[in-house]
Amino acid sequence: MNKKDLEKRLRELSLYSDFYLRKELKPLGQLLQEGETLNCLLTGVNEGNRKMIAVTDQRILIIFAATLGGGEIKVVKREAVKDYWFKKKLLFSSVGFSTENESFVFTNTQGHLKSYFEWAMSQPLPGTV
């Protein structure tokens, strides 16, 4: 997905103003495949680092863009997710999901994005409708 299409989708989701300066957007645009739809974007602290979580109709992308040097990208297929949750609190909201083999927990996330995350995770997988 090119930068222009990514910015357009962020505006459609009303998330552009929250994330337009994030350095993780550059690798995110390169990771999104043709025909893949971005449904939610948020950040949280995982393993001591602030990471971006992008929920698409097919995958969950976890992007860590280091200030110096390389970053880290983890891809989880949506069909592999067995459970997900979002705990909204005044200051310290958290989000998480688990697969058969791994659990992912992100703290200090944006509490106002709870409805976006839950909506994105409840969307049917392509080909299952």
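Here is a short walk through this structure, from the whole chain down to one residue. Keep in mind that what you see is a predicted model.

Start with the overall layout. The chain has four helices and seven strands.

Now step back and look at the overall dimensions. Along the principal axes, the C-alpha atoms fill a box of roughly 40 × 30 × 25 Å. A compact globule of 129 residues would have a radius of gyration near 14 Å, and this chain agrees, because its own value is 14 Å.

What about inside and outside? Of the 129 residues, 43% count as buried. The accessible surface comes to about 7500 Å², and carbon and sulfur atoms account for 50% of that. As for charges, there are 19 positive and 15 negative ones, and their mean positions lie 5 Å apart.

Finally, zoom in on Asn46, which you'll find in strand S1, residues 38-46. Is Asn46 buried or exposed? Its relative accessible area is 9%, so Asn46 is buried, given that buried means under 20%. Leave aside the neighbours within four places in sequence, and Asn46 is in contact with Lys51, Val105 and Phe106. With Lys51 there is also a polar contact, side chain to side chain, at 3.1 Å.

How values were computed
Residues numbered from 1 in each chain as written. Predicted model: local features only at pLDDT ≥ 70, side-chain atom pairs only at ≥ 80, totals over all residues. Heavy atoms only, no water. Helix = DSSP H or I, 4+ residues; strand = E, 2+ residues; numbered from the N terminus. Rg over C-alpha atoms; globule rule 2.2 N^0.38 Å. Buried < 20%, exposed > 50% of the residue type's maximum accessible area, 1.4 Å probe, protein only. Areas by Shrake-Rupley, 256 points an atom, 1.4 Å probe, with all protein chains shown as cover. Lys, Arg positive; Asp, Glu negative; His and termini not counted. Charge placed at Lys NZ, Arg CZ, Asp CG, Glu CD. Polar contact = N/O pair within 3.5 Å; in protein donor to acceptor, adjacent residues only side chain to side chain. Contact = heavy atoms within 4.5 Å.
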